[in-house]
2 protein chains.
Amino acid sequence: MGSGKILVAQGGGPTAVINQSLVGVALEARRFRDVTRVYGALHGVRGIVNEEFIDLTQETSHNLELVAATPSSALGSTRDKPDEKYCAEIFNVLRAHEIEHFFYIGGNDSSDTVRIVSEQARAAGYPLRAIHIPKTIDNDLVGSDHTPGFPSAARFVAQAFAGANLDNASLPGVYVGVVMGRHAGFLTAASALGKKFPDDGPHLIYLPERTFSIESFLADVKATYERHGRCVIAVSEGIHDASGEPIATLLAKEATREIERDAHGNVQLSGTGALADLLCDEIRAKLGIKRVRGDTFGYLQRSFIGCVSDVDQREAREVGEKAVQYAFWGDRDGSVAIRRTGFYSADYALLPLSDVAGKTRTMEDEFIAPSGTDVTDAFRLYLRPLLGSGMPDAFRLRCARVAKILKPENR
Amino acid sequence: MGSGKILVAQGGGPTAVINQSLVGVALEARRFRDVTRVYGALHGVRGIVNEEFIDLTQETSHNLELVAATPSSALGSTRDKPDEKYCAEIFNVLRAHEIEHFFYIGGNDSSDTVRIVSEQARAAGYPLRAIHIPKTIDNDLVGSDHTPGFPSAARFVAQAFAGANLDNASLPGVYVGVVMGRHAGFLTAASALGKKFPDDGPHLIYLPERTFSIESFLADVKATYERHGRCVIAVSEGIHDASGEPIATLLAKEATREIERDAHGNVQLSGTGALADLLCDEIRAKLGIKRVRGDTFGYLQRSFIGCVSDVDQREAREVGEKAVQYAFWGDRDGSVAIRRTGFYSADYALLPLSDVAGKTRTMEDEFIAPSGTDVTDAFRLYLRPLLGSGMPDAFRLRCARVAKILKPENR
């Protein structure tokens, strides 16, 4: 560990608190006397191979704090997934710049990138310490109680559904809100935390952990609409049929649209309102309900400025700090994980990269109601403390009905 | 003015602060010793003809304050537009309940409802005092500097674009955000207030006040993308071609979908992601740009809980209070308007209903840049104080580039 230079980068989709982790690395690293430079790579691993570095050591700590509180990846991000050749280029650049500590803030795909880079470095005999710092609004990393970025996105989704429910109660009809989450339904399930009164929406929640059937969906909506005179529905963008085919992809096929895939082979599910529109069309056509509205939360839910969990902020900061501590005081590469130690308190651990990389956590069965269209109290207990302080609350009028005069009601 | 009963109702689309006006009426009215009862009609004028009243006098002032801070219409709303027969039913009910003061909180359509009811009452010889209390996120009422509800929705849109811009800078591409506003572009224009640095998005803003041409749009996007390597676009749902046909309707025709219209004959533009998807498809197909994402802000922008302007809150409260004062201390029906008296300060006036009802304000030319795809500083000066205190801010890293070693750049 002779090098005084460390490198930090951000990969994958941005979150509201990913810059907290970046700043956690930058400020903590400078407290180690061996550290001479903290470089940041622009746009993730792509910035490394292109030698696009900025010197974070030459940034004021004051501005770093302001950047920490700013959503989205301040260094820029990438969807690149390095292969052998890509990694060889990374090594060349790291060696040329005498960088021996690499911190990569990202989700599933990024942890796999760190694993490959780590293995390649070892195979090449290059003394690299590589640490993965977790980040994903999907909350789908194995080995963690939860992941930084998820609580703030969950807070946005909960607040959005709290508002959408009030809107829907005011002008009754059916409302469909489509939430991000390819394989894991945590973020969609967070919609349940926007619910206060028993008849509040979301009345139905559809998760990728359960097979989606349009027939069951229509029956659920019909029953809810008959009971409440309205229906608020939370749907994961990742819902799929029994064969595992995403409903969004089925729709795209019907419309003979070209399906966009990223470098990881993932079908593009966000950035289009198609799924919400399909479901609304189905409800209108099959149930004959007139007022049916669909929203796709899209990119608002991961980068909205001004809807952040303070718990998420401090944990995102700490995983960055802990990563540096593990790197300098530990003796192995790994992935930083959050462990729950109290109600509510958290601590951190360093997991082997192979335990995390490329694996996907989905919602545990205990979090999903037997109906398959709601969450359990265990999930509410799990998520509530993560949403942080100052959650807005909704109140109702409770005052007495006035007796009718012209058309008195039979009792 | 012998009756001690007043009636208040809420009409049209909800806002984040419409309950402030409701509570302003309820609390201010009880300070007049002649007032014996404050009734609220459920779901607007429909609640009147159905005699669906609740007695707000029997609500605690504490709970009223909590309801005031809750978004969306606590009494419920309606899109009904009363005709002669409908008004006759309203009179029958008002007469039966001895109600002689009617306060209706709503937008364009609701002000027209108040005008009709007022005229019908006069024609029928019924001593009704009818006051329209303004509310609309579209900011399209004539005679007002701005309308309650707009500032909070504008704040949501500005914050959403601030976040979307950061997201887009992190993972560059084209981003299209579709904002509510059928005829008036104020809310879409508010996206400009999310911009801080000169190269921030939104880079292009399309308003219903200007004719939309897909050719010009594509040329604008191409030029911006070539200059910045990315492009963030704000689009009003109400954009239309030279013949006045909404682009959303043209799309719906192509897809041979049934177009939904409300009781006022308005085409349904919200609650579907079709416009954003069409525009994204065009950009992908015609410009060959791969990463193109579209979001439709939909209902989030008018009822999001926890993104409210404090200036909007206090003004929405005051228009409710002033309505009661005009009713009891004045001698005519009318519509409450906000006047700007300082930077920033507001006062109120009572306008004749015929000056407001059924008329639509659109963005003044001085607010729109000559390019037609941006706002002016006059607009920024107009809107900024309305957004209220505590607006979140975005910060950037400004630190030095590290010199390349392997691939030094020619200078």
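Helices (H or I, at least four residues) and strands (E, at least two) are DSSP runs, numbered from the N terminus. The structure shown is a predicted model, in which local features need pLDDT of at least 70 and side-chain atom pairs count only at pLDDT 80 or more, while totals for chains, interfaces and linings use all residues. Residues are numbered from 1 along each chain as its sequence is written, chains are lettered from A and ligands numbered from 1 in the order in which they are written, and side-chain values use heavy atoms, with hydrogens and water left out.

**View 1**
Most residues other than glycine have a negative phi, and most peptide bonds are trans. Gly201(A) and Pro202(A) are joined by a cis peptide bond, with omega about 5 degrees. Pro202(A) belongs to the loop between α7 (186–189) and β7 of chain A. A cis bond also leads from Phe343(A) to Tyr344(A), where omega is near 5 degrees. Tyr344(A) is found in the loop between β10 (334–342) and β11 (345–351) of chain A. His43(A), although not a glycine, has a positive phi of about 60 degrees. The loop that holds His43(A) runs between β2 (37–41) and α2 (44–49) of chain A.

**View 1. The four-stranded sheet of chain A.**
Four strands of chain A form an open sheet with parallel pairing, in the order β7-β8-β6-β9; two strands pair if DSSP finds at least two bridges between them. At the edges are β7 (204–206) and β9 (292–296) of chain A, each of which pairs on one side only. Neighbouring strands are turned against each other by 15 degrees on average, direction ignored. Within the sheet, β6 (residues 174–179) and β8 (residues 231–236) of chain A run parallel and are joined by six bridges. Tyr175(A) has Val232(A) as its bridge partner in β8(A). Helix α6 (residues 150–170) of chain A lies across β6 and β8 of chain A and runs at about 170 degrees to β6(A). Axes are lines fitted to C-alpha atoms, for helices over the stretch in contact, and angles run from 0 to 180 degrees between N-to-C directions. Contact means heavy atoms within 4.5 Å.

**View 2. Packing of helices α8 and α10 in chain A.**
Two packed helices are described by the angle between their axes and the distance between the axes. For helix α8 (residues 214–228) and helix α10 (residues 274–287) of chain A, the angle is about 65 degrees and the axes are 11 Å apart. The two helices, α8(A) and α10(A), are therefore roughly perpendicular to each other; angles under 35 degrees count as roughly parallel, over 145 as roughly antiparallel, 65 to 115 as roughly perpendicular and the rest as oblique. The crossing of α8(A) and α10(A) is right-handed; a crossing is right-handed if the near helix is turned clockwise from the far one by less than a right angle, and left-handed if anticlockwise. From α8(A), Ile214(A), Phe217(A), Leu218(A), Val221(A) and Lys222(A) meet Leu279(A), Glu282(A), Ile283(A), Lys286(A) and Leu287(A) of α10(A). Seven of the residues in this contact are nonpolar, none is polar and three are charged. Ala, Val, Leu, Ile, Met, Phe, Trp, Tyr, Cys and Pro count as nonpolar, Asp, Glu, Lys and Arg as charged, and the others, Gly among them, as polar.

**View 3. Packing of helices α4 and α5 in chain A.**
Helix α4 (residues 84–96) and helix α5 (residues 108–123) of chain A pack at about 65 degrees, with their axes 10 Å apart. The crossing of α4(A) and α5(A) is right-handed. Glu84(A), Cys87(A), Ile90(A) and Phe91(A) of α4(A) make the contact with Ile116(A), Val117(A), Gln120(A) and Ala121(A) of α5(A). The residues of this contact comprise six nonpolar, one polar and one charged.
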